[in-house]
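Please keep the sequence and the model at hand while reading.

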Amino acid sequence: MTSRLLGVAFGRAVLALGLCGTAGGTLVAGLVMPFVGGAGLAARSAASTLTYLPSPLREEPLPEVTRLLDRNGRQIAQFYYQNRQSVPLSAVAPVMRRAIVAIEDARFYEHGGLDLKGTLRAFVTNTRAGGIRQGGSSISQQLVKNIMLNQAESEDERAQALVRSFRRKLDELRYALALERKYTKDQILERYLNIAYFGAGAFGVQAAAKRFFGVDAADLTLTQAATLAGAVRTPYDTDPSLGDEHRDRLRARRDLVLGRMAELRMIDGNVARAAAAEPLGLRLRPEPGGCAGSAHPFFCVYVEREVLGNPAFGYTRADRERRLQRGGLTIWTTIDPVAQRAAARAIAARVRPRDNQVASETMIEPGTGHIRAMAVSKRYGRNPHDRDLGPATTYNLAADTAHGGGLGLQAGSTFKVFTLATALKQGMRFGDGFTIPGAYVPSYGYRDCSGRTVNDPKTVIHNAGGEGGGGPYSLEMGTWQSVNIFYMRLEREVGLCDVVRTARSLGIRRADGAPLHEVPTFTLGANEMDPTTVAAAYAALAARGRYCRPLAITAVVERDGTRTDIPPACVTAIEPEVADAVSHVLTGVFSKGTMRGQSIGRPAAGKTGTNNGYTSAWFAGYTPGLAAAVSVGDIRGSYRYPLTGVTIGGRYYGAVQGASLPGPIWVDSMRAALRDTPVYGFVPPDMARFGGGFTPGLKEALEKQRKKEKKKRERERERGRHDDGDSASAHAEQAAKRTTANRGTHRVQRPA
């Protein structure tokens, strides 16, 4: 009777101790009760609970970091819910494995998931120390707890997984025993090292090694391994990123691990003391997630929006976001560091982040659609106090709204190429043209693609400054001088709808996603566009009519190594021969047109774009190997704040035109981006098909113009000779006066 009463009393005491909670107490209660004969109903219930083991916990894939790589395989950004990169146990330094076992579960390789001896010892040690010095739960039990935490989708579920109760501890133990039955010891240790939180935002030993010391888990030293092992038990109290007090606690935990390793004879005592004398040696490396921490943030935003908007990454946006943040994907992208640096530097040299005017540029590879660069004059992020204006923006101004951009800017005369291509496709030849008036009213002849009349008899079109007045113009001259009235008439002749169809075939879509405005001024760039869309259209001309959708992702590698390559999405938009003819005309923009005097030192074709009222300015152009488009406009609103009388990048502009700011940015960026690439020329046009055109009156007008310019040059030379003679007489007279003055001075200064 006395023995039974003592047994019951002991069982109750242990149970009471377990319900008090501290490390080991709860486990002691759970382990002892099934074997105490007189502990009553609770003991029999616990024994029954341990007799029937459940299936191991369902293990969801751990949240892993998704990495974005440039075309050369260098990381440019990362996304994560938890900063984790799982590694096999073989990729963890042996000293790290020993350190974690020493401090958390010294008998890990001896017990079957239930270490009664170790638990009792930890309870006694911790009670004497007045704090947690040794782990009471086995590594298998801790793995179970972490799995439960990882599966929690809400704060309530997290709280339930962390609640201290006798029932939860028993469940945890049952699942731990089930894990021991399913996995080997090394498999359990590997899972634990990958799931555990080490502090400072690092989940898993690989992320922790990188975050704390800037090394891989395979390269951890003794002191580093002891530091990480010490951090696992209280990762928030020992988070070194939170200040000196936390670092002091981390060092104390490290020294405790070293002492425990020496006690278990894993290392020599002298080695432990020497290691404890060393500083922590932290090299905390920030691990920013998302595009704000990317070296190429605007391109990163483009990629992110591609993933979140593509059903291939998940049925719903929530599914796609979860996969991006947790999936552990490796996403290979198209960005070229050389081209990106060239674009960013060319923009920074002429437009400052604090300017209200903003410049954007996208570079695209012809024939693939690969986006090689995407740069904006402002920094990516929020302005101080969340102001709308400032040196930063969260809008990806180089792209459309679907990829994080704004509403775009009117594309101006860059759209004239679509009318040019349509005219050549319909049989117009080089040299063909007509006489235009000094002003033009689109009062008839314009129908949109639905057949509806869209004439605008209330609008009067004038040529912009420098485009000339009325008279005969050929196809080339009208393009080189970017003559508005010529192109309005040409659009009417070939058909507005046909021009719209040509533009659509080359990927032209409004930046805001709305339908294109099919109006008479379509050819003058009345639609708001983004540089990426325009660059892709011009890249198709460089690729001899082969249009490729802008492509930012070339491959996706799953966490298991499965790779999915993403090929270019290309179609033949216009005939190769027509594209060659367009390129032939556009090369003259550099030699005889609006960009005369500006060159990248290799064959290039392009078109300036200056909008009515100088609301925005563009340049788009290409070589056979690279295309780019540059836009400039006021971030406050291009219509309210035109580009007149403005200071940009410290330089004053009476009016910003396509050739005065976007053009030089394009030239500098393309020259640098192509510096180390071979020089290729365009395919010559088929002169049998496109040569031999005629413009009535053009020859006579050109001859008259040549005579006029000749007389002007002669007058200037005559004026120069006259000015030189007058200047010589003036110089002689001034010299005589200086001589006389000097003589007088000498006489005054001569001694008496």
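## Helix α11

The buried residues of α11 pack against α4 (94-104), α9 (185-195), β3 (197-199), α10 (205-213), α12 (244-263) and α13 (269-276), where contact means heavy atoms within 4.5 Å. Helices (H or I, at least four residues) and strands (E, at least two) are DSSP runs, numbered from the N terminus.

Helix α11 itself spans residues 222-233 and is mostly covered, with 11 of its 12 residues buried, that is, under 20% relative accessible area with a 1.4 Å probe and protein chains only. Among these buried residues are L222, Q224, L228 and V232.

## Basis of the values

This is a predicted model, in which local features need pLDDT of at least 70 and side-chain atom pairs count only at pLDDT 80 or more, while totals for chains, interfaces and linings use all residues. Residues are numbered from 1 along each chain as its sequence is written, and side-chain values use heavy atoms, with hydrogens and water left out.

In the loop between β5 (330-333) and α16 lies T334, which counts as buried because its relative accessibility is 1%. The side chain of T334 reaches the backbone oxygen of I371 at 2.6 Å, and a polar atom of that side chain lies 3.2 Å from the backbone oxygen of L551. Leaving aside residues up to four places away in sequence, T334 also touches others, including R71, F299 and H370.

How values were computed
Buried < 20%, exposed > 50% of the residue type's maximum accessible area, 1.4 Å probe, protein only. Polar contact = N/O pair within 3.5 Å; in protein donor to acceptor, adjacent residues only side chain to side chain.
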